[in-house]
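Let's go through this model by asking what stands behind each label. Have a look at the fold, then read on.

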Amino acid sequence: MSKSLVLYFSRAGNNYSNEGIKNIEIGNTEVIANYIKKYTDADIFKIEPLNEYPTDYMECTEVAKAELNDNARPELKEYLEDISEYDLIYLGFPNWWSTLPMPVWTQLEKLNFEGKIIKPFVTHEGSGFGMSKSDIKKLCPGAKIEKGLSIQGSFVNESENQVKSWINDD
Ligand SMILES: Cc1cc2nc3c(=O)[nH]c(=O)nc-3n(C[C@H](O)[C@H](O)[C@H](O)COP(=O)(O)O)c2cc1C
């Protein structure tokens with residue numbers, strides 16, 4: 001039997017939305033991750049940095065930009081060590097400065113993706129996947145990357161049906 005995993009990063013706190021800066025208790029990407037969990041029997045793993053990002057949106061964007069410029073690999077609270085039991089990985093993250101948040105880079109580089117199928121999903125405020133798909137290709141050598149799902153963060157609560165049909169889309 002094939003097994004799947006939802007592997008994702010998401011940050012709650014103040015975030016930019018179509019209604020301006022808003023405080024969100026569950027990060028946008030986490031809302032999507034929970035929908036996937038609801039419609040599949042996938043295991044789930046949240047990538048969490050050891051040092052949390054600032055709650056303040058502007059401060060967070062500055063920290064994230066500095067990490068990207070430094071090509072940093074922030075330490076994580078916990079590392080997923082082995083994905084050998086999974087065939088399919090739903091890989092989710094917010095678009096940060098057109099790519100994946102650096103903690104996702106930290107985690108992906110520790111895993112062996114040879115022969116795995118990746119279904120990437122992103123939440124964003126206008127840039128969709130940005131450069132992240134080509135970064136995933138570099139970070140996950142040997143994986144087959146399938147059609148991605150891109151959802152604007154402000155509308156995650158209305159995206160359940162879209163998520164459901166993407167899951168079933170071969
Ligand atoms: C540090 C940071 C950088 C961001 N950079 C972009 C960007 O380059 N393009 C974009 O469309 N949205 C950008 N956003 C908006 C997020 O991608 C969007 O709000 C996303 O839904 C957040 O997901 P989360 O709540 O799961 O963390 C950025 C947000 C943050 C906090």
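A residue is buried if 20 or more other C-beta atoms lie within 10 Å of its own, exposed if 12 or fewer, and partly exposed in between, with C-beta atoms placed from the backbone. This is a predicted model, where local features need pLDDT of at least 70 and side-chain atom pairs count only at pLDDT 80 or more, while totals for chains, interfaces and linings use all residues. Residues are numbered from 1 along each chain as its sequence is written.

Q: Why is W97 called partly exposed?
A: W97 has 16 C-beta neighbours inside 10 Å, so it counts as partly exposed. You'll find W97 in the loop between β5 and α3; helices (H or I, at least four residues) and strands (E, at least two) are DSSP runs, numbered from the N terminus. W97 also has a positive phi of about 50°, although it is not a glycine.

Q: What makes S98 partly exposed?
A: Its count is 14 other C-beta atoms within 10 Å, and therefore S98 is partly exposed. S98 sits in the loop between β5 and α3, and it too has a positive phi, here about 75°, without being a glycine.

Q: How do you know that V63 is partly exposed?
A: There are 17 other C-beta atoms within 10 Å of V63, so partly exposed is the label. V63 lies in helix α2. Leaving aside neighbours within four places in sequence, V63 is in contact with Y53 and P54; two residues are in contact if their C-beta atoms, placed from the backbone, lie within 7 Å. T40 is 23 residues from V63 along the chain, and their C-alpha atoms are 35 Å apart.

Q: What makes a set of residues a nonpolar core?
A: They must be buried Ala, Val, Leu, Ile, Met, Phe, Trp, Tyr and Cys residues joined through C-beta atoms within 7 Å. The largest such core here has 33 residues, and those with the most contacts inside it include V6, I32 and Y90. Among the elements that each supply at least two residues of this core are β1 (4-8), α1 (28-39) and α5 (160-168). Once neighbours within four places in sequence are set aside, the contacts of I32 include G92, F121 and V163. As a rule, nonpolar side chains in soluble globular proteins tend to be buried together.

Q: How do you know that β2 and β3 pair?
A: Strands pair if DSSP finds at least two bridges between them. Strand β2 (residues 13-17) and strand β3 (residues 20-24) have 5 bridges, in the antiparallel sense, so they pass that cut-off. Y16 stands opposite I21 in β3, and a hairpin of 2 residues joins β2 to β3.

Q: Why does the radius of gyration of the protein chain agree with a compact globule?
A: The radius is taken over C-alpha atoms, and the globule rule is 2.2 Å times the number of residues to the power 0.38. With 170 residues, that puts a compact globule near 15 Å; the protein chain has 15 Å, so the two agree. Its C-alpha atoms fill a box of roughly 45 × 35 × 25 Å along the principal axes.
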